[in-house]
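Please read these notes with the model open beside you.

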Amino acid sequence: MGAYKYVEELWKKKQSDVLRFLLRIRCWEYRQLPGVIRLNHPSRPDKARRMGYKAKQGFVIYRSRVRRGGRKKPVHKGIVYGKPVNQGIVQLKPARNLRNVAEERVGRKIGGLRVLNSYWVNEDSTYKYFEVICVDPAHAAIRNDARVNWICNPVHKHRELRGLTSAGKDQRGLRTKGHGANKARPSKRSNYNRRNELSLKRYR
């Protein structure tokens with residue numbers, strides 16, 4: 001096995017003494033730092049490479065911190081003036097997963113870069129920490145690399161805000177194929193509109 005395979009096997013056993021100690025120490029360090037911070041190199045190089053990272057010019061790693069838990073309904077004093085079906089306050093979950101939220105925060109902070117992918121690095125009782133792989137679309141090393149220069153096209157601006165990254169496709173329900181995902185494609189909204197809006201096509 002190569003070195004990356006050893007690191008990968010190590011990270012598969014997160015409750016081993018080595019990883020528990022490493023994660024605890026790193027988590028303490030992360031808590032002292034800002035919510036979104038640029039890193040010199042990934043803390044999980046094997047995972048970063050599987051997510052598309054290359055140790056070359058134009059690739060950047062940011063770490064993002066997201067508060068854990070569900071999404072409490074933002075209503076005054078917990079009062080919903082409506083039907084009982086809508087009166088739930090606390091046990092509600094957001095439509096987007098926390099990894100996607102982390103990508104969005106990085107993407108908004110550094111608008112000139114493109115978000116490629118992200119992965120989990122740590123968590124404690126309050127926060128989850130994700131590292132986000134970003135690419136500089138204006139860098140010559142990226143524009144000349146045939147494997148990654150697709151991301152330089154303008155259509156990929158802020159792909160993390162439109163659910164086009166891996167985490168975004170996951171929360172859109174696009175991981176499922178076939179019978180269970182009949183109403184997920186091309187999106188839940190467009191699928192609903194196609195089935196329910198009245199379409200009177202004119203003869204031309």
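Leaving aside neighbours within four places in sequence, which residues is I133 in contact with?

1. This is a predicted model, in which local features need pLDDT of at least 70, side-chain atom pairs count only at pLDDT 80 or more, and totals for chains, interfaces and linings use all residues. Residues are numbered from 1 along each chain as its sequence is written, and side-chain values use heavy atoms, with hydrogens and water left out.

2. I133 is in contact (heavy atoms within 4.5 Å) with A48, M51, Y53, F59, V60, I61, R114, V115, L116, N117 and Y119, leaving aside its neighbours within four places in sequence.

3. In the largest nonpolar core, which has 18 residues, F59 and I133 touch the most other members. Such a core is a set of buried (under 20% relative accessible area) Ala, Val, Leu, Ile, Met, Phe, Trp, Tyr and Cys residues joined through side-chain atoms within 4.5 Å. Two or more residues each come from α2 (17–32), β2 (59–67), β3 and β4 (127–135); helices (H or I, at least four residues) and strands (E, at least two) are DSSP runs, numbered from the N terminus. The largest share, four residues, belongs to β4.

4. R114 lies in strand β3 (residues 114–123). R114 is buried but has no salt bridge, and the nearest side chain of opposite charge, E160, is 7.6 Å away. A salt bridge needs a side-chain nitrogen of Lys or Arg within 4 Å of a carboxyl oxygen of Asp or Glu. The side chain of R114 does reach the backbone oxygen of N153, at 3.2 Å.

5. The disulfide count is zero, the rule being a pair of cysteine sulfur atoms within 2.5 Å. For C134, the closest cysteine sulfur is in C152, 14 Å away, too far for a bond. C134 is buried, with a relative accessible area of 0%, and C152 is buried at 15%.

Notes: Buried means under 20% relative accessible area, exposed over 50%, partly exposed in between (1.4 Å probe, protein chains only). Lys and Arg count as positive and Asp and Glu as negative; His and the chain ends are not counted. A polar contact is a pair of N or O atoms within 3.5 Å; within protein, one must be able to donate a hydrogen and the other to accept it, and residues adjacent in sequence count only if both atoms are side-chain atoms.
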